[in-house]
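Hi,

Here is the structure I promised to pass on to you. My notes on what turned up in it follow below.

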Amino acid sequence: MDDEDAQARSGNTHPDVAEAGHGGRNPTGARGGAEAATATRGRTKAEVATQLMEQVVERGNMWRAYERVLRNKGAPGADGMRVTDLKAWLQAHWPAVKAALLAGSYLPREVRAVDIPKPTGGVRTLGVPTVVDRLIQQAVLQVLQPIFEGGFSESSYGFRPGRNAWQAVQAARDHVRNGRVWVADLDLAKFFDRVNHDLLMARVARRVGDTRVLGVIRRFLEAGLMRDGVTQPRREGTPQGGPLSPLLSNILLTDLDRELERRGHAFARYADDCNVYLGSHTAAEHAFETTRRYLESELKLQVNLDKSAVARASTRDFLGYGLIGRDKARLKVAGASIARLRQRVKALLREKRGAGLAAAVAALNPLLRGWTSYFRHAQVKDVWQELDGWVRRKLRGRLWRQGKRPLARARMLMKRGLTEERAWRSATNGRGAWWNAGASHMNAAFPKSFFDHMGLVSLVDTHRRFQSQS
């Protein structure tokens with residue numbers, strides 16, 4: 001998994017994923033663990049197991065789910081209804097929906113397929129539920145999360161309250177510092193598209209005895225996938241896009257975590273990306289093969305052999321980060337992550353080609369700030385200065401191209417304080433925009449202080465600020 005995957009799965013989702021339209025087919029509302037757990041006090045374990053749907057539709061739980069859906073906003077689902085229309089729809093239809101949920105007869109709508117290009121090629125298919133289905137999934141999640149959370153592995157970091165990608169990469173670094181310098185890097189092939197429904201539901205049923213909750217989860221899994229107006233049946237998979245999908249993935253992959261723990265392995269798993277750290281190449285090869293066989297035989301999942309490998313940990317990226325060293329291993333920004341940032345900067349500047357410099361800076365700032373925030377734990381610092389200079393050079397090149405003619409360029413340089421002779425010599429040098437953007441005359445006319453005044457985010461300064469806060 002790369003840095004964009006990790007960021008997206010941590011909550012910075014594509015706009016088509018965040019939230020969606022409206023509800024179930026029966027015609028006629030994120031806070032999680034602590035509050036849901038409070039609702040179970042005073043009941044026996046058997047009562048909790050068989051009366052979960054009452055907790056799902058309880059007013060406080062639904063209100064928290066409703067607030068979460070509103071905060072997430074997002075695109076409509078298959079029926080086209082917007083999040084802003086949810087309140088009015090619920091005022092008219094919630095009694096019927098609640099009755100259907102309590103009776104175990106609620107039927108979800110199909111999900112809308114959205115294909116998101118992956119940075120490394122190919123696409124990730126997301127399933128955008130209707131907004132009422134999103135609301136119900138969120139309400140179910142808030143009840144189930146505390147039931148399952150205590151049974152998850154300490155080495156699992158994805159999609160869990162209080163856990164994140166930073167903790168996963170820091171755990172990987174610590175394993176390497178402890179001498180486990182070889183990694184069995186396991187990437188599951190199209191995991192969210194290939195989850196076996198029967199295996200998953202059997203694991204959910206280990207802790208959930210309410211057949212109504214089990215039934216609605218099964219129907220969410222089997223809801224059709226609408227693409228270009230045509231609905232396709234689903235017999236496997238749990239497409240990303242709904243609130244329940246992350247929890248369900250962890251429920252299934254907890255069996256993998258327990259198997260690795262049983263073997264005494266040190267590992268870090270974030271969603272479907274799992275790295276096992278060992279002390280020798282032979283041990284890593286053995287762990288890779290035995291784990292691959294376990295996944296295929298017990299969980300019916302395939303390992304993507306093109307993206308998986310046995311290698312020295314310092315040669316493999318994990319969640320966008322890389323490692324340098326051994327006993328004092330340090331985190332760095334992976335080369336592939338840097339290349340993707342450059343591509344995204346170029347794409348944003350192309351989109352703003354006809355706009356002024358202020359518009360380009362405004363478009364770049366959220367990207368630069370978010371990227372630096374995600375990589376705040378990188379301990380190899382040269383990258384920040386290099387990228388800062390590269391971004392400013394791209395913007396200087398933009399200014400040079402906007403001048404178009406030597407006269408306009410000379411006037412631009414003189415306005416910025418260059419002498420007439422130097423300005424004319426520079427404006428008529430016959431070189432291209434990129435060369436001039438890196439030349440001394442453009443650096444003198446448009447120094448870092450100019451871009452600071454424009455409000456351009458400095459990666460060096462932002463990273464330093466994050467470091468001082470940690």
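Let me start with T372: at 0% relative accessibility, this residue counts as buried, the term meaning under 20% relative accessible area, with exposed over 50% and partly exposed in between (1.4 Å probe, protein chains only). T372 sits in helix α15, residues 357-374. Leaving aside residues up to four places away in sequence, T372 touches W384, L459, T462, H463 and F466, where contact means heavy atoms within 4.5 Å.

Before going on, please note that this is a predicted model, in which local features need pLDDT of at least 70 and side-chain atom pairs count only at pLDDT 80 or more, while totals for chains, interfaces and linings use all residues. Residues are numbered from 1 along each chain as its sequence is written, and side-chain values use heavy atoms, with hydrogens and water left out.

Now to the sheet. Four strands make an open, antiparallel sheet ordered β6-β7-β3-β8; helices (H or I, at least four residues) and strands (E, at least two) are DSSP runs, numbered from the N terminus, and two strands pair if DSSP finds at least two bridges between them. At the edges are β6 (266-270) and β8 (309-312), each pairing on one side only. β6 is joined to β7 (residues 273-278) by five bridges, and A266 has Y277 as its bridge partner in β7.

Two helices lie across these strands. Helix α13 (residues 281-298) lies across β3 (182-187), β7 and β8, at about 20° to β3.

Best wishes

Key: Axes are lines fitted to C-alpha atoms, for helices over the stretch in contact, and angles run from 0 to 180 degrees between N-to-C directions.
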